[in-house]
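Dear colleague,

I am passing on the structure we spoke about, and my notes on it follow below. Please have the sequence and the model open while you read.

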Amino acid sequence: MARIILTFGIISGLIVSLLMVLGMTLLAGPDGVGSETVGYLTMLLALSFIFMAIKRHRDVNLGGVIRFWPALATGLGVAAIAGLFYVVTWEIYFQMSGGAFMDAYMAGQIEARRESGATAAELAAYETSLRDSMALYAHWWFRMPVTFTEIFPVGVLVSLVFAAILRNPRVLPQRA
């Protein structure tokens, strides 16, 4: 099981890392937004390897039958490894960009509030709260867990769905 988790976790992690870098460099607008939807879609694409990991574990190691909890554990293992790749890739990108993404993101968020009709006082308060958040985000011990929580809950949901589906041995049965 550990080998399957590691193999599919690395594959998933490499895919999410590659697609994240492509999304951040090619699809992000000048204000740093615009790649969020693409980002979550790429997470789903990369985390689809959870399905393959659970199925492989079921068919190769367990003779075609798996219970829900072992299937979920397999999926969560893959999701955790993919999450670690995601965090490391973001840290490299963040350090290489000198944190410029966050300045652009903050400016885009303030502009979006301005366009939605926020008053000057509301904008000032919002900017202050964003600056406080950015001050925390500048520390790796805050940034890394926040980054991990961007992808891991998606992995949990994907693992739950695939574990529920693949616990039924009639779904894509093992080949003889």
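In which helix does Trp 141 lie? Before the answer, please keep in mind that this is a predicted model. Trp 141 lies in helix α7, which covers residues 140–166.

Helix α3 has 13 residues and reaches 17 Å from its first C-alpha to its last, which is close to the 18 Å expected at 1.5 Å a residue. Several of its residues are buried, among them Phe 49, Ile 50, Ala 53, Ile 54 and His 57, while just after the helix Gly 63 takes a positive phi of about 70 degrees.

Is His 57 buried or exposed? His 57 counts as buried, because its relative accessibility of 6% is under the 20% limit. The side chain of His 57 makes a polar contact with the side chain of Asn 61, at 3.0 Å. Leaving aside residues up to four places away in sequence, His 57 touches Met 1, Ile 4, Leu 62, Ile 66 and Thr 74.

With best wishes

Methods. Residues numbered from 1 in each chain as written. Predicted model: local features only at pLDDT ≥ 70, side-chain atom pairs only at ≥ 80, totals over all residues. Heavy atoms only, no water. Buried < 20%, exposed > 50% of the residue type's maximum accessible area, 1.4 Å probe, protein only. Polar contact = N/O pair within 3.5 Å; in protein donor to acceptor, adjacent residues only side chain to side chain. Contact = heavy atoms within 4.5 Å. Helix = DSSP H or I, 4+ residues; strand = E, 2+ residues; numbered from the N terminus. Expected span 1.5 Å × (residues − 1).
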